[in-house]
Amino acid sequence: GLGDVYKRQDHNYWGAPEAQDSRQNEMYWANENCGDIAAEYAATLAQYALNFPDDQDSRKYLERAKKLYAFAESNNHPYNVEDVNCEPNGGGYYRSGDCSDDLAWARAWLYLATNRDSNYNLNDTSITLNSEWNTHCWDNVGLGAAILIGEIKEDSWGTARGWLNSYCSNSDEFFYVAKWGSNRYNCGAQLAALVYAKHNPNESDKYKNWAKSQMDYILGAKAVNSSVPAKCYVVGFAENSPINPHHRAASADLSAEVKDDKYNNQYAVIGALVGGPSNKSDANNGHPASYYEDVRSDYTANEVSLDYNAVLVGAAAGLYSYFKTGATYEIPGVINQYPPVASTSQGDQTEGTANAVNPAVSMANAGKAVATTVRKLYKTGVDTNIAASLSLIHISEPTRLLSISYAVFCLKKKTQKT
């Protein structure tokens with residue numbers, strides 16, 4: 001369900017999802033003030049039509065995308081509703097900041113899906129990228145829209161180039177936006193930089209090398225700073241990966257309270273990206289990441305989420321398209337629905353870990369959910385077909401509604417060592 005955040009019916013439940021009472025018939029309807037969500041759905045359906053032109057449903061989805069966009073344009077106000085994703089005092093968890101980015105994103109995809117219908121005007125100035133917060137993420141797809149418009153209109157790279165040049169090319173420091181889920185903003189910037197590099201070969205070296213340097217922080221090849229030792233932030237990837245992410249199903253019958261932090265999770269959330277380095281103080285942004293502890297109670301730094309892994313997989317695929325290293329692995333008992341590619345030795349796998357199904361095809365099909373997770377990431381082979389069709393991944397706007405942001409990843413019972 002979408003989740004009633006204020007009343008916290010989903011958020012207050014801690015346990016296996018299959019044991020929770022069903023709320024499948026609970027839905028929220030709106031006929032105004034939800035232009036951001038309508039635009040995001042329009043973008044998704046347009047992407048589907050582009051990716052699957054021979055599918056019998058593509059034409060139907062494209063027509064619905066057009067109607068959703070028209071609705072979004074006439075209801076140009078974000079979806080911030082009390083008792084749904086906001087609290088009565090005006091606070092909230094994942095409030096929507098604006099609609100202009102979502103509308104620009106949808107217009108660009110519809111322009112392509114409709115064979116460049118001029119009704120979807122790309123000559124607008126609604127995209128403003130003026131801070132590190134404008135990385136490609138759950139609440140702002142303006143950078144993605146700017147890159148897509150640049151790809152369509154080859155002389156329109158200025159907006160995207162300005163942001164990337166300011167934040168993603170001249171520094172080897174960890175790209176840091178905010179303490180809550182810092183890794184997602186980092187990986188979103190990597191993904192955007194790599195797609196930009198694909199279409200701007202004269203600038204590709206600095207951006208692909210910058211992204212690789214950033215992924216080295218994510219995967220534990222180097223430390224974020226002297227206060228935080230080198231740490232791999234992807235579960236199941238390395239010996240120093242997190243083992244206690246803030247995740248309901250993984251913790252089984254252990255609570256997320258501090259008193260239970262002394263006990264490890266009972267299941268491994270293979271391939272999940274945790275929030276990442278943060279600040280122990282209340283400062284939210286503008287400060288170096290200086291704190292991380294692998295404890296279940298720390299939802300700020302150790303939570304996992306769909307939008308975290310979406311940009312992680314996108315960045316991993318982009319890095320593979322340039323560096324071509326690694327191999328794919330499979331999770332025992334999980335059917336691989338994607339074509340296998342050549343693998344290297346699995347001798348580096350540790351006892352009690354499993355490896356994820358190749359996520360390449362689901363990443364390439366931007367309108368489809370990323371249904372699998374990765375263990376070896378850019379060091380892991382991603383289907384080489386992705387390199388030719390690498391594009392910006394869609395991060396569904398409704399992920400801001402809290403319950404959706406809790407992803408159910410591939411779980412494997414930990415091996416008890418004696």
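**View 1. Aspartate 205 and lysine 208 form a salt bridge, with 3.3 Å between the closest N and O atoms.** A salt bridge here is a side-chain nitrogen of Lys or Arg within 4 Å of a carboxyl oxygen of Asp or Glu. This is a predicted model in which local features need pLDDT of at least 70 and side-chain atom pairs count only at pLDDT 80 or more, while totals for chains, interfaces and linings use all residues. Residues are numbered from 1 along each chain as its sequence is written, and side-chain values use heavy atoms, leaving out hydrogens and water. Both residues belong to helix α7, 3 residues apart, about one turn of the helix; helices are DSSP runs (H or I, at least four residues), numbered from the N terminus. Aspartate 205 is partly exposed at 46% relative accessibility, whereas lysine 208 is buried at 19%. Buried means under 20% relative accessible area, exposed over 50%, and partly exposed in between (1.4 Å probe, protein chains only).

View 2. Glutamate 63 is partly exposed at 36% relative accessibility, and lysine 66 is partly exposed at 27%.

**View 3. Lysine 222 forms a salt bridge with aspartate 172, the closest N and O atoms lying 3.1 Å apart.** This pair links distant parts of the chain, 50 residues apart. Lysine 222 is in the loop between α7 (204-218) and α8 (248-251), and aspartate 172 is in the loop between α5 (158-167) and α6 (182-199). Lysine 222 is partly exposed at 21% relative accessibility, as is aspartate 172 at 47%.

Note on methods. Helices (H or I, at least four residues) and strands (E, at least two) are DSSP runs, numbered from the N terminus.
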